[in-house]
Amino acid sequence: MIRVKLKSKLALTGAATMAALFLGLNASAARMDMVDVSNNNGYMSTAEYVSMRNEFGVKALTVKISEGTTFKDGYAASNIANGQAAGLYVNGYHFAHYKTKAQAIAEADFAGQAAKAARLPVGAVLATDGESAEEQGILSQAANDRNNAAFMKEIQKFGYRADIYTSGSWANNKMTIKGKTGWVAGYPYVMSGQKWYTNNNAWQWSGAARFRISYGGFDVSQLYTDYYTAGQKSTVKPTDPDAVNDNNQEANKNTS
């Protein structure tokens, strides 16, 4: 989520697509079903999100809401509003710093209040982003599991659905990610034919995907379930399947 990842990044020159089932794309190519954004990406207009939808097949957006108990992302409200205006399913995430159960509950309360203020819709996912080497990295798996469970239980009090984001090297090692849960990051050097973390909700396969009218690199994910789209209304309908197909194939090339 943040620009420094637990795993090395793969530099990509394009972006991927929505669902191969809908557009008849190469099933071995990783899709761009979801993009996540934060203040690091700067202001994102509705036009940019429409381009992502129409030309790249993006259907879901996950917005940084908060971090710890002091930081509220100043772009969260505009990202949520503009993503919704573009017809995307909109979710949120909180970058975790908690090391105890009490701290996890406090961070969930802070995140929930910040999400409400930014108008994250009820029923959206508000995931905990557990990737801090200084905090989660020094704890046992049992301690991280206890803290994540406390955060997830507390965030549901605000009307949001919970999930856990982490690195593939930490999943079921530093924290438990089992069944149809979890949003897991892992960046192959060669994309062709890869399909990772299929037992989870989502696989974040790049942290440097490019869009035609947006500046810089973006985190992109392939969805395996409807968890990040359920419970919300959407008007997503890409208008340029040929562009989506071409951009999908380009994004999967190894250019690192």
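Q: Which residues form one aromatic cluster here?
A: A friendly note to begin: this is a predicted model in which local features need pLDDT of at least 70 and side-chain atom pairs count only at pLDDT 80 or more, while totals for chains, interfaces and linings use all residues. Residues are numbered from 1 along each chain as its sequence is written, and side-chain values use heavy atoms, leaving out hydrogens and water. Rings of Phe, Tyr and Trp (its six-membered ring) pair if their centres lie within 6.5 Å. One cluster is formed by Tyr165, Trp183, Tyr227 and Tyr228.

Q: Are the rings of tryptophan 196 and tryptophan 203 stacked or edge-to-face?
A: The structure holds eight aromatic pairs. In this one, the ring centres are 5.7 Å apart and the planes meet at 20 degrees. Planes under 30 degrees apart count as stacked, over 60 as edge-to-face and the rest as tilted, so the tryptophan 196 and tryptophan 203 pair is stacked.

Q: Is tryptophan 203 buried or exposed?
A: Buried means under 20% relative accessible area, exposed over 50%, and partly exposed in between (1.4 Å probe, protein chains only). Tryptophan 196 has 26%, so this residue is partly exposed. Tryptophan 203 has 0% relative accessibility and therefore counts as buried.

Q: Which residue lies over the face of tyrosine 227?
A: A charge sits over a ring if NZ of Lys or CZ of Arg is within 6 Å of the ring centre and within 35 degrees of the ring normal. Lysine 116 lies over tyrosine 160 in this way, at 5.2 Å from the ring centre. Over the face of tyrosine 227, at 4.6 Å from the ring centre, lies arginine 161.
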